[in-house]
Amino acid sequence: MNTVKRFLARRGPAWAFAIAAGAGACACAVPAAAADGTPAGMVTFFNATRCPDGWTAVAAGQGRLLMVTTDAKLVGKAVGTALADHEDREHSHAYSFEVKLDSKHVSALDWAGNHGAARSKSYTVSGQSSGSTSNLPFDQLPLCTKTPAAGAP
């Protein structure tokens, strides 16, 4: 059992994470609570293999890391391809940096032609790392939303 599952298991069957449905003021009614006190539309992760009865899977969150934002333009934005359950996708990183070497003189060569054993110069190094995995497979928990009760607005 991985660290996330152990963390969630100590906190009961559900551990809520806030999912922004929009930004700014909302002129909407607060949904009525279900018989168990959970408001319809609430979104949470479950430490289970599927959403429990009365809850519906949120497909947009499957295989994704959810981020909190206060920028309305970023709400609901998906980046890249979602991960499959237990996937450990290979990835690589581009890199680029500059190295500046100071000049160095060799004092034993004290003659007119000694213009420095090493001149000051900057070198740019760039490339791409080789592909590798993290060895930390992505273990998904179902992201679920509370289904409104029958006849609820």
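I began with phenylalanine 46, which counts as buried at 8% relative accessibility, where buried means under 20% relative accessible area, exposed over 50% and partly exposed in between, with a 1.4 Å probe and protein chains only. I note that this is a predicted model, in which local features need pLDDT of at least 70, side-chain atom pairs count only at pLDDT 80 or more, and totals for chains, interfaces and linings use all residues. Residues are numbered from 1 along each chain as its sequence is written, and side-chain values use heavy atoms, with hydrogens and water left out.

Aromatic rings. I searched the whole structure and found 2 aromatic pairs, taking rings of Phe, Tyr and Trp (its six-membered ring) as paired if their centres lie within 6.5 Å, with planes under 30 degrees apart counted as stacked, over 60 as edge-to-face and the rest as tilted. One of them joins phenylalanine 46 and tryptophan 55 edge-to-face, at 4.9 Å centre to centre and 75 degrees between the planes. Tryptophan 55 also counts as buried, at 13% relative accessibility.

Disulfide. I looked for cysteine sulfur atoms within 2.5 Å of each other, the cut-off for a disulfide, and the structure holds 1. This disulfide joins cysteine 51 to cysteine 144, with S to S at 2.0 Å. The two cysteines lie in distant parts of the chain, 93 residues apart: cysteine 51 is in the loop between β2 (43-46) and β3 (55-57), and cysteine 144 is in strand β6 (residues 143-146); helices (H or I, at least four residues) and strands (E, at least two) are DSSP runs numbered from the N terminus. The torsion about the S-S bond of cysteine 51 and cysteine 144 is about -95 degrees, so I recorded the disulfide as left-handed. Cysteine 51 counts as buried at 10% relative accessibility, and cysteine 144 is buried with a relative accessible area of 0%.
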